[in-house]
Amino acid sequence: MKMRTIRNRMSRAMAPVMLLASIAMLAVSFGSAWADVSLTGAGATFPYPLYSKWFDMYNKQTGIQINYQSIGSGGGIQQIKAGTVDFGASDAPLANARLKEMPRTVIHFPTVAGAVVLAYNLPSLKEPLQLTPEAVAGIYMGKITMWNDKKIAAANPGVALPGAPILPVHRSDGSGTTYIFVSYLSAVSREWKDLVGANTSVSWPVGIGGKGNEGVAGLIRQTPNSIGYVELAYAKQNNFAVAHVQNSSGKFIEPTLASTTAAAAGAAAALAKDVRTPIVNSPAPDAYPIAGLTYLLVYQEQKDEAKARALRDFIAWAISDGQEVAESLDYAKLPQPVVQVDEANLMKLTVKGKPIVASK
């Protein structure tokens, strides 16, 4: 009896230790399983500085490797359509007609909002250049060709503008950054809307093209008297001067985190109904007018269960913990109504008709 009692007591004493050992073994197995999963994506250059940070952080936390090609939104849309990546990335949401062309249902997941800025190379200017919507459209229509044009001078009283030709720079590749910029031009200029329109690629009336935000930034840096549109983070990385653009309330607004957030917040109600709603030319009085959301494009019905779970978990992390580092790279956090839409859409992802259960 005494021996049996001692054995029972030892079993009870060892139970917590054995349980902890089992949990540790499960954790190792779980970590190894995650480390074996990798994801591939391609698309937008607009959010690339942030996505690079996210993918590195997430890899360190989970062991999941996310390989991303910053090739422009047009390329991202093509690759998700072809099924060569696990997710596409685009600053241009898919229109209804484009959605119908996809082999399966695509869900849009907004990740952050950002500003598209007009960076310029005018070393003689000491004060920030102020541009009206008419001036921006005029420059890219080829109707305003000199920096000291009276339409630019009127918005910059007391500033000695150079008597030099303007060289507009634009994207040469299919680009969501372009989509945001030309969506703005279409919103403020009827002539632009009718003659050029809004798309990831357009037929530019004037200017020279660079591939990616990087290519446009390089052309601006190398070319005096040039002006071009890039994502705010690229402008800051290159120490570019950026224009203050007049918004729909008549204020000249500097592109900042706060003014970008104001643009996203001003459209929160519309975004809650359709996350593809443009946020350019926001009516909010302090909003920077050339702003947009960027999206991950994901098939609702996934084929690989392990990858589907990893992708679902990454998106859940990106719209929660990932938002905390967005502002450090000059991207605006998602408004809460948009986060809620993303969370609801995560529940729609399936594998073989069954909902994807989160791994953690």
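Let's start with a helix. E305 and R309 sit four residues apart in helix α13, residues 305-318, so about one helical turn separates them. Their side chains meet in a salt bridge, 3.2 Å from N to O. How exposed is each partner? E305 has a relative accessible area of 47%, so it is partly exposed. R309 is at 25% relative accessibility and also counts as partly exposed. One caution before I go on: this is a predicted model.

Now the overall picture. The protein has 360 residues, and 51% of them count as buried. Its secondary structure comes to 14 helices and 15 strands. Take the contacts between residues at least 6 apart in sequence. Of those, 75% join residues at least 24 apart.

Back to charge pairs. How many salt bridges does a search of the whole structure find? The count is 13. You have seen one of them, E305 with R309. Here is another inside a helix. R190 and D194 meet through their side chains, again at 3.2 Å from N to O. They belong to helix α8, residues 190-195, and are four residues apart, so the separation is about one helical turn. Are R190 and D194 buried or exposed? R190 is exposed, and D194 is too.

The next pair is K333 with E324. Their side chains form a salt bridge at 3.5 Å, N to O. K333 counts as partly exposed, because its relative accessibility is 30%. E324 is at 55% relative accessible area, so it is exposed. The cut-off for exposed is over 50%. There is also a network. Salt bridges with shared partners link K81, R98 and E101 into one group.

How many cavities of 30 Å³ or more does the structure hold? One. The volume of this largest cavity is about 100 Å³. Its lining has 14 residues, and those closest to the centre are Y179, P278, I279, G292 and L293. Two elements give two or more residues to that lining: α7, spanning 176-188, and β12, spanning 291-299. Which one has the largest share? That is β12, with four residues.

A word on the search itself. Rolling a probe the size of a water molecule over the atoms shows where empty space is left.

Nine of its nine residues are buried. In a regular strand the side chains alternate between the two faces of the sheet. Here is how that looks in β12. A291, L293, Y295, L297 and Y299 point one way. G292, T294, L296 and V298 point the other way. Both sets are buried.

What does β12 pair with? Take β3 to begin with, residues 87-90. β3 and β12 pair in the antiparallel sense, over three bridges. Within that pairing, S90 stands opposite Y295 of β12. Then there is β4, residues 106-120. Nine bridges join β4 to β12, and the two run antiparallel. There, V112 stands opposite T294 of β12.

Now a helix residue with contacts to that stretch of sequence. N345 lies in helix α14, residues 336-346. Its relative accessible area is 10%, so N345 is buried. What does N345 touch? Leaving out residues up to four places away in sequence, N345 touches I107, H108 and F109.

One more sheet to finish. This one is open and has three strands, in the order β5-β10-β11, with mixed pairing. Which strands stand at the edges, and why does each have a side without a neighbour? The edge strands are β5, residues 130-131, and β11, residues 252-253. Each has a single partner strand, so one side of each is left without a neighbour in the sheet. Look at the β5 end. Two bridges join β5 to β10, residues 244-246, and those strands run parallel. Q130 has H244 of β10 as its bridge partner.

To recap. The cavity of about 100 Å³ takes the largest share of its lining from β12. That strand is mostly covered, and it pairs antiparallel with β3 and with β4. Elsewhere, the salt bridges include R190 with D194 and K333 with E324. Thanks, and over to the group.

Conventions. Residues numbered from 1 in each chain as written. Predicted model: local features only at pLDDT ≥ 70, side-chain atom pairs only at ≥ 80, totals over all residues. Heavy atoms only, no water. 1 Å grid on protein atoms, 1.4 Å probe; cavity = no way out; pocket = protein on both sides within 12 Å on 5 of 7 lines; lining within 4 Å. Points joined across faces, edges and corners; volume = space filled by probe spheres on them. Buried < 20%, exposed > 50% of the residue type's maximum accessible area, 1.4 Å probe, protein only. Pairing = 2+ DSSP bridges. Contact = heavy atoms within 4.5 Å. Salt bridge = Lys/Arg side-chain N within 4 Å of Asp/Glu carboxyl O.
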